[in-house]
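Look at the sequence and the model below.

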Amino acid sequence: MLADTAADRVDLLPDDAQFVFDINNALDEAGGGDGGDLAVANRKTFPALIGTGAGMAVGRVGPCGLNTFHVHPRSVELQLVIEGRLITEMVPENGVLDGDGKRRVIKNEIGPL
């Protein structure tokens, strides 16, 4: 985080393997809970992301599992379902209204690719 340029940041990671995030290992280390597992690649767990503004999480949600309610101000979350189905719901920021002038709620059911 203290590097002056993007080139300086890359120089601090001399091993090419430092640019690979092992999702399977991260899921194993996460240990999981009753509802599933979550592996997070962010600047703390994957220093190659510092300065990129990017991050990623891979999760396994068990039957009837729930991803904790959370927010991503001015950011996005993408959901890819490999197996089963996922029901999603989100409320955009204040001021986003539906056709009836009520606060918009976006709901979807997502299945495997």
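How many aromatic pairs does the count come to? In this predicted model, the count comes to one aromatic pair. Phe21 and Phe46 form that pair, and its geometry is tilted, with 5.4 Å from centre to centre and 50° between the planes. The pair links distant parts of the chain, with the two residues 25 residues apart. Phe21 lies in the loop between helix H1 (6-11) and H2, while Phe46 lies in the loop between S1 and S2. Both Phe21 and Phe46 are buried.

The next topic is helix H2, which spans residues 23-30. Which residues of H2 are buried, and which exposed residues does the face turned away from them carry? The table lists them.

| Side of H2 | Residues |
|---|---|
| Buried | Ile23, Ala26, Leu27 |
| Turned away from the buried side, exposed | Asn24, Asp28, Glu29 |

At the start of H2, a side-chain oxygen of Asp22 comes to within 3.2 Å of the backbone nitrogen of Asn24. Asn24 is also one of the exposed residues on the face turned away from the buried side. Just after H2, Gly31 has a positive phi of about 80°.

Definitions and conventions: Residues are numbered from 1 along each chain as its sequence is written. This is a predicted model: local features need pLDDT of at least 70, side-chain atom pairs count only at pLDDT 80 or more; totals for chains, interfaces and linings use all residues. Side-chain values use heavy atoms; hydrogens and water are left out. Buried means under 20% relative accessible area, exposed over 50%, partly exposed in between (1.4 Å probe, protein chains only). Helices (H or I, at least four residues) and strands (E, at least two) are DSSP runs, numbered from the N terminus. A polar contact is a pair of N or O atoms within 3.5 Å; within protein, one must be able to donate a hydrogen and the other to accept it, and residues adjacent in sequence count only if both atoms are side-chain atoms. Rings of Phe, Tyr and Trp (its six-membered ring) pair if their centres lie within 6.5 Å; planes under 30 degrees apart count as stacked, over 60 as edge-to-face and the rest as tilted.
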